[in-house]
Structures are given as C-alpha cells and as structure tokens.
Amino acid sequence: MVRHMRRLVGVLMAISIVQCVNAADGTVAGKPDLNGVWQVLNTANYDIEAHAARAAMALRPGPFGPVPAKAVVALGAVGAVPAGLGVVDGGEIPYQPWALEKKKENQANWLARDPEIRCYLPGVPRATYMPFPFQIFHSEQAIFFAYEYAGAVRNIYLADPGEPPTDTWMGQSFGTWDGNTLVVTATGFNDRTWFDRSGNFHSDKLKVTERYTPINAHTMNYQATIEDAEVFTRPWTMSMTLYKRVGADARLQQFKCIEFVEELMYGHLRKEPLE
Amino acid sequence: MNTISTICAASMLLMATAARADYAAPRTAAGEPDLQGVWTNATITPVERMNFFPQLVLTKPQADMLEQRTREFAERGSAPTDPDAPPPEAGDDVGGYNSFWIDAGTTVALVNGEYRSSLITSPADGKLPYTPAAQAKRVQLLMSIRDGLDGPEQRPLGERCLVGFGSTSGPPMLPVLYNNNYQIVQAPGSVMILAEMNHDARIVRIGGEHPPTDVRTWMGDSIGHWEGDTLVVETTNFHPAQSMRACIRYQIYMSANATVTERFTRVAHDQILYQFTVDDAEAFSEPWSGEIPMRASEGPIYEYACHEGNYSLPGILAGARREARTTDEGAE
Amino acid sequence: MKFTDRKLPTLIVLALGILVVPTATFAHHAFTAEFDGDAPVLLRGKVTRVEWINPHAWVHLDAVQEDGTTVAWMVEGGTPNTLLRAGINKNSLVPGTEIVVRGYQSKDHACTPSCKANGRDVTFPDGRKIFMGSSGTGAPRDGADPREPPRT
C-alpha cells in the first residue's frame, strides 16, 4: 500500500511541479512576482535633489571658485559628481529651518560625517538607490531583500510585527499589498543614516512608506514617502524607477566594505601608523 | 479557484498525507521541498566528542543530566550578587558579562531519536581528524589571535565584524554562544540562507558552476541541487582569511580549498535535519561529517549591525598602544 | 583569548561546549585584549542611557565618586538580540535606574567621552541581576519541562 501511495505521489509531484510553476508564472500567490536583482539608474545617492555636475563631493574655495578639497583632489574626474534631475517629488525637501542649516553643515563636513564613507549600513530608502544592485526573494511565505552594499538585509514581515523593540540601522519593515503594489512600512530607525552623500538626514522618528509597483516585466516604480515631524514640515516623497538585471548580470556580488575602511578608521591605532 | 490550482492543492495535500510513514516535507508552489522559515541550531552538544562520553549516542539519563547541569549553571548565573561584594580582584580573569546575554541552547542535540554527545558523526571517535601540519597551523593561528595587535588585519574576523565569530555563518553552520538563528527563503533558482550574525545572507544558486579558484568570497561560493526532499549545497572558493573559525566553544581550522557539502532535509514541521561533510585534504586526514537539528524558532531574526557599534576593535588596538607606552616608560 | 597555562583547564571545559558560563572569554572579541585585568572597578550610579547596539550593548551611567561627584562610564554587555528575543526592549532599563557594576576598565584607559569597563556583573543595588537569564533558544516550548518559564 505504502509503495502504491509513493508511486502515486511521484506522479502527482511531477504533474504539480509542471503545472504549478506554469500557474505561478509572473505571479506569486496571486501577486506580482518581484523576484530578481534590481537596481536604479540614477544619481540619487549623490544628491536626491536636482543638481548639476560638479568637480567633487568635498570642495574648498579656490581663487576663481570652488575646487576639490585636498583630501579628494587626487581622484580627478573619478571623484567628480554626475548631474541628476533629482528624485524628490515637487523638487524640494521641506526641512524645518534648523534642519536645513544642519543639512548644509552635514554637506560641508561630508568626509567626516557621511555614514557611507565608513561602510555603515545604508538605512532606508538609501539602500534602494545605492549604486549597487539588490535582490528580492519573494515566495508565498516571505519577502526578503538582500543588498549588495555592505551586505545589508531586510526581512519584510508579512504579519504585523508590532512595535519595533529597539532602533536599528535598517529598521523594521511590514509589507502589505495594495492591488499590484507592495507597500512596505518601515519604522524603528536610529538617527545615524543619511538619504544621500549631500547631508540629507532624518531623526529616529523616521517612518518610510515604500511602494513597489511593477510597470512591466523589467521595470518597477519605486516611491518612498518620508515622515519625520522632528526634521520636516510635512511628509514628502521620492520617486524613481527600478530596473531588473538580466542574464549574467542578474547575480549579487559581495561588497563587504568593512575591511576597506579599516585604514581610514583604525590606521592611526596601528603599532606603526603609515606615513 | 481554477482547475490547475485545484489539482495543485489536492496533489500537495495528498503528498503530505500519503508519505506519513516518514514525514513528507511540504512543497513550495514550484514543487520544491519547503525549507522556509526561521530556524535555530542552538544546542549544548559540542562540535567534538566529549572525552567522558566516548559514544555518539547518549542515554536519556545522560542527556537529562547534561541538560540539568546547564539549567543549574543558568540558575547560578541568575542568582543575586551579594550587594556588599567587593570589586573583582586585580589579576583575575577579566571575564565577560552576565549570563543573561548568552543564548547557547539548553538541550542536547536530538537526531533521529538519538541524544548526541557530539555534532560530529564521522570519524567514529567524533574528533576532528587534523593532519599534524594542520594542527600546528591551527595552534599558530590561535597564538596570532592572542599576539597579533599591530593592526586591524591581525585581529579575528568576528572582532573586525567581517563575518560572525566561530563558524556561525559557515558553511558548515555551527552553533556559537548566541544568535544561533537562521532564516531560509526560497526563490526561483536560488535559496537564501541568512545567518543572524552578521546579517550574512548566503545566496545558494540552484545549478551552475563555481567561479575560477582565484575568486574567493566570504562563506565561499555555494551551489545547490535538490535530491528528493533534500537540498544539497556544495561550497568551495573559501576566503583564505576565513580558515580559522574560532569561538569559545570550538576553534576549527580548515583550509581555503575545502569543499563543504550540506544537506537540508525537513524532517518535521518544526525541524530541519542539517547534515554536512567537510572534505579538505590540506587540513584533515579524512573527510569529517556532522548532524545538527535546526528547530523552528519562535521569534524573528533581529538586526546584528556589528561594525557600526564596534567599540571593541579600536579599544583593543588602543589598549595595545597604551600598554606598549607604559612598558616603554617603565623601562626608562 | 589568552592561552596562558593557568586558563587552560577552563578552556578545556569551555571547549566542550556543555557549560554556559557567566564569564565568556571569547565571544565577539577577546575580552582579555580589551579589558585590563589589573584595573578592577566597582561602580555605583544611575543609568544615563543604554545603547541597544551590536555587537555589544553599552549601559551608560554616572558613577558616584567618594567625594560625591560623578564620572561618566559606559559598560559593555553582550548582544542585545538575546534580550530582545526574551521580550526585553529599549524601554526595559530606563535612565535614572540605580545600578552596580563590577568589572574591569578598558585597556586603553580612555575616558573620553566616557570611561569604559566590561560589565562582568551588573546588578541593582540589592544584588538582583538587571535582567534575568534566558533559558530560551527561540525554539518552541513543548511543555515537556515544567520548569520552563512562560514566554513574555
């Protein structure tokens, strides 16, 4: 009897493997299939606001206008900033006056303050538009994001996880579906991540509502609405397109950058510091 | 519900019911064994065999005794301190921190109904079969952890936050003092295995080839395939710096040219049997294998952002510089 | 981890993995490399804030000196994840709470912005530990052990 059942199971398994995969084509549990390796094609990580190309992220006054700061001058064109139309809806981030001053101060002290320079976890939504791909693992049971930059990860809870127990770099994410849009509400952040290399920042009251909406098989619209009453005068939104990598490019590589910043962070503590 | 999904649902239900003799793993919609969830491999069973229990299988009273001993240690750790106790003594072991931070498991590993005295099942003596040269290399690497304070590169990977300490992220994934939690998510063509410490997502490709041997990555390069109810993962191309897998419970050396084969089999709704073999002729006289139950974890995975709050590494290097200055001043 | 002869017996026991010891000597980092065995401390004072961060949580306190003045210290604990898993959160140890710390000062003896020590034993003034040990592994409780505390 057991043997017969096993044989029947084998046949049914073969059927279900073929049929269920076909049935699942393009969808997961009736929702758009978000599986894949995704990446933006914009310069939002330099500056989420509209900006012209310029010589360097860190500048200092020169005899006829700004020139690259001493610490980055050797990089030449490699250290220059590509232009961007900006990703902030309406064009401007609605900072409170004190916060706008702090943003400018952050920008002036970029080398010392940008968490990316120290390979710190990128936070949300910056993780999305780092110049690195990220992979979405989407099954009937789970949605999980793995980012190439710094090996950051996010599990998207599909049941309400309740209050975040503590503040973290990548926050706590709760996903729901609005039609074909995956809506992720992320809270429980610390105040140490930035939105870009230009000093745009938030407090630990940050709440990010992300909307991932497939446009076609290879592109997705991404929106992130930022709420943080300590820093901004009203909620505001970023919008951009995510592109799906195909073929051999559709594979995440490792960028565990901690070891790349050890000289920067700990070089002065060497037994014999380098000249 | 359309016809196809009805057939799917019915056949999966039947598969789940039919194979009851020895539990049928649930299947994903793609028909793969479903290993997804959050799992823990915490156990008080050590990696290597204990000398006082030479057999792999413990009796129930022996297992009970070990678990009782563990509870007693936990109770002792939780007992109040004499409020008037003096500061610790100078020259004593500096120790670590209270036991309430530790989460190393409370139970003996139970595999196929057997209480295990070691996670290693082969060789038969449950010991790591190092070659003499590899044993010497191991000791040398351990000494370098103690003495290597000239710069960050000499410190162990866990201390630098490059990967979790011990062999928590593996492979093979072996339990450590805490954060023994893993999440598995399956997607078309890949299986993601997250080790809580240090938020290390190992992405196992289903099928394909390993890169050339000069391409070395953290946790190696993992390729999987399905064998019945089992996910089989072969990992090569280890990063040479990950050869020393040291933690309080074990200090394992394996060469960067090792091949690790892991087998994940769902044996109950709340358990995966994790089996592994390390094949490494550079370090071992024969392959060694082990078995660890991965039990369903009640809670979620929490963020383990290590580098961002790593006061320890600069503190250790600064401590070594200060000690050298003090010694110099003393000598003058 | 220092492999001194004196500590070898302990290490052998620890390597067996059977004993969960209150004084872990080699977790995320080597404690003996970070803390000065010749600089024991006994600190009493009020918690000023808690950094619930990995790899180690840090409890900050204003330690009261003999002359009544205070000095800022930060005391190293373990991974907060163990406590989060046991139901403890960022509000579980509030500023102003009186604690007592027995440990050793950091080897760098740096006191900016705070002096650092390991929290070998951190208690309330009456001797109770500031948190209770977790017997849990995150695994489901099957009720087989009547001594299992209910999960909070």
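These exercises walk through a predicted model with chains A, B and C.

Residues are numbered from 1 along each chain as its sequence is written, while chains are lettered from A and ligands numbered from 1 in the order in which they are written. Because the model is predicted, local features need pLDDT of at least 70 and side-chain atom pairs count only at pLDDT 80 or more, but totals for chains, interfaces and linings use all residues.

**Exercise 1. Chain A as a whole**

Task: Find how many helices and strands chain A has, and state what share of its residues is buried.

Solution: 
- Step 1. Start with the elements. Helices (H or I, at least four residues) and strands (E, at least two) are DSSP runs, numbered from the N terminus. Chain A holds 4 helices and 13 strands.
- Step 2. Turn to burial. A residue is buried if 20 or more other C-beta atoms lie within 10 Å of its own, exposed if 12 or fewer, and partly exposed in between; the C-beta atoms are placed from the backbone. In chain A, 39% of the 275 residues count as buried.
- Step 3. The C-alpha trace spans about 90 × 50 × 35 Å along its principal axes.
- Step 4. Look at contacts. Two residues are in contact if their C-beta atoms, placed from the backbone, lie within 7 Å. Take the contacts in chain A between residues at least 6 apart in sequence: 62% of them join residues at least 24 apart.

**Exercise 2. The barrel of chain A**

Task: Which strands of chain A close into a barrel, and in what order?

Solution: 
- Step 1. Apply the pairing rule. Two strands pair if DSSP finds at least two bridges between them.
- Step 2. Follow the order. In chain A, 9 strands close into a barrel as E3-E6-E7-E8-E9-E10-E11-E12-E13, with mixed pairing. The twist averages 30° from one strand to the next. For such angles, axes are lines fitted to C-alpha atoms (for helices over the stretch in contact), and angles run from 0 to 180 degrees between N-to-C directions.
- Step 3. Pick one pair. Strand E11 (residues 207–216) and strand E12 (residues 219–227) of chain A run antiparallel and are joined by 9 bridges.
- Step 4. Zoom in. A:Thr213 has A:Asn221 in E12(A) as its bridge partner.

**Exercise 3. Backbone exceptions**

Task: Locate two residues with positive phi, A:Ala150 and B:Asn237, and two cis peptide bonds, one at B:Pro123 and one at C:Pro113.

Solution: 
- Step 1. Know the background. Most residues other than glycine have a negative phi, and most peptide bonds are trans.
- Step 2. Take A:Ala150. Its phi is positive, near 60°. A:Ala150 lies in the loop between strand E7 (143–147) and strand E8 (153–157) of chain A. It is buried because 24 other C-beta atoms lie within 10 Å.
- Step 3. Take B:Asn237. Its phi is about 60°. The loop between strand E10 (230–236) and strand E11 (244–246) of chain B holds B:Asn237. With 19 C-beta neighbours inside 10 Å, B:Asn237 counts as partly exposed.
- Step 4. Find the cis bonds. B:Ser122 and B:Pro123 are joined by one, with omega about 5°. C:Thr112 and C:Pro113 are joined by another, with omega about -5°. C:Pro113 is in the loop between strand E4 (98–106) and strand E5 (115–118) of chain C.

**Exercise 4. Where chains B and C meet**

Task: How many residues does the contact take from chain B and from chain C?

Solution: 
- Step 1. Describe the chains. Chain B has 5 helices and 15 strands. Chain C has 3 helices and 6 strands, in the pattern α-α-β-β-β-α-β-β-β.
- Step 2. Count the contact. It takes 75 residues from chain B and 71 residues from chain C.
- Step 3. Name elements. Those of chain B that give two or more residues to this side include helix H2 (60–78), helix H3 (132–147) and helix H5 (312–331).
- Step 4. Sort by class. The side of chain B has 38 nonpolar, 22 polar and 15 charged residues. Ala, Val, Leu, Ile, Met, Phe, Trp, Tyr, Cys and Pro count as nonpolar, Asp, Glu, Lys and Arg as charged, and the others, Gly among them, as polar.
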